[in-house]
Number of protein chains: 2
Amino acid sequence: MVRWEAGTRERLQAAALDLYATRGFDDTTVADIAAAVGVTERTFFRHFADKREVLFGGTEAFQAGFLEGIENAPDGAEPIEIIRHAVLSASGFFAEERRPHSRLRQRVIVANPEIQERELLKMSALATVLASALRDRGTAEPSATLAAESGVLVFRLAFEQWLESDRSLAEIESDLFAQFGALAAK
Amino acid sequence: MVRWEAGTRERLQAAALDLYATRGFDDTTVADIAAAVGVTERTFFRHFADKREVLFGGTEAFQAGFLEGIENAPDGAEPIEIIRHAVLSASGFFAEERRPHSRLRQRVIVANPEIQERELLKMSALATVLASALRDRGTAEPSATLAAESGVLVFRLAFEQWLESDRSLAEIESDLFAQFGALAAK
């Protein structure tokens, strides 16, 4: 008997998002999610710590795109330029076909402060990871943290615009970096 | 019989912080906090929604300092300059004598992800309020949000440095704004 079916994790994530969007986060139980996928609650808890974490499964893959961009930035680049690389490199994670899913997820986040807080923690963790990668490349503090946080800021705002538009994420990010540079230099 | 004693709110806040720091957030109950102040749990819940909110009582006064700075910024100032005014104006909220309390509170926050998330939400709410105040003054989007978020970023980093140093918050903020401008302009 196959107990750890391939794809269970992804199916739990999809079912949870669907239930949160239709029934509401508060009115959905772990039992509901497990039942929708045809597994036990115990199986749910093998994959996720709680009802909220199921929406935050891909954090490592999400961070990896940014970190790759930092690695591939040219030698001698300024911190903000390295971070620009990181943010644009990660934009591949949010391809066109991901937009409907991201929109649904965003709707659930906006409707639930509890999930919103977790999303803020995810962004904060990203900034911490990027600042650390910048320091590893030789950027001193506070520049490393300022640049990393600026990159996460541009990413956040670009991502929100992306959800409401049909432009590519990379295009929006490039524009926002230009506006950010012009604004901060004043 | 005086049931709504003056200062109860402040005494609950002080007792809660003290208990969270010594006994730990998870191991402190609302009953413990109420008992430390000599009131009932019901009284606690008249003032605060839950155990976490008791650390987030002064949000309006906190935001007011920033908003005052936006109001008082000179006509025709650039968005980032208006935000600089806001951040420096709010530094008065964190006077020297507040540092020990702020240090204790920070220690409790860092030790508890649940409180950390709430602190991030407080900062996010501050950015939203400041962006709105900038728009009211005529700053267009995305400049209003970029400037507001940049201000909150500088404030956050300056505040962390302030907790670990003996310099004034305004001094640290001024330095960080200069570093931020130099970094972003590259």
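A salt bridge here is a side-chain nitrogen of Lys or Arg within 4 Å of a carboxyl oxygen of Asp or Glu. The views below come from a predicted model, in which local features need pLDDT of at least 70 and side-chain atom pairs count only at pLDDT 80 or more, while totals for chains, interfaces and linings use all residues. Residues are numbered from 1 along each chain as its sequence is written, chains are lettered from A in the order in which they are written, and side-chain values use heavy atoms, with hydrogens and water left out.

**View 1**
Two copies of a chain are related by a rotation about an axis and a shift along it. Here a rotation of 180 degrees with 0.0 Å of shift along its axis places chain A on chain B, with an RMSD of 0.0 Å.

**View 2. Chain A and chain B meet through the same surface.**
Each chain brings 29 residues to the contact, where contact means heavy atoms within 4.5 Å. Of the interface residues of chain A, 100% are also interface residues in chain B, so the copies meet through the same surface. About 2600 Å² is buried between the chains, 72% of it on carbon and sulfur atoms; this is the accessible area (1.4 Å probe) that two parts lose on being put together, summed over both. In chain A, the residues that lose the most area to chain B are Glu117(A), Leu146(A) and Leu183(A), together 26% of what that side buries.

**View 3. A salt bridge joins Glu149(A) and Arg156(B).**
The N to O distance between these two side chains is 2.8 Å. The interface of chain A and chain B holds four salt bridges by the rule. On the side of chain A that touches chain B, the elements giving two or more residues are α5 (79-90), α7, α8 (143-163) and α9 (169-184). Helices are DSSP runs (H or I, at least four residues), numbered from the N terminus. With 10 residues, α8(A) gives the most to that side.

**View 4. Arg52(A) reaches Glu117(B) in another salt bridge.**
Their side chains come to 2.8 Å, N to O. The pair crosses between chains, from the loop between α3 (41-47) and α4 (59-72) of chain A to helix α7 of chain B. Buried means under 20% relative accessible area, exposed over 50%, and partly exposed in between (1.4 Å probe, protein chains only).

**View 5. Glu141(A) takes part in a salt bridge and a cis peptide bond.**
The side chain of Glu141(A) pairs with Arg135(A) at 2.6 Å, N to O. Glu141(A) is partly exposed at 38%, and Arg135(A) is partly exposed at 39%. Most peptide bonds are trans. The bond joining Glu141(A) and Pro142(A) is cis, with omega about 5 degrees, and Pro142(A) sits in the loop between α7 and α8 of chain A.

**View 6. Glu81(A) and Arg84(A) pair within helix α5 of chain A.**
The closest N and O atoms of this salt bridge are 3.9 Å apart. Because the two residues are three apart in helix α5, about one helical turn separates them.

Technical notes
Least-squares fit on C-alpha atoms with pLDDT ≥ 70 in both.
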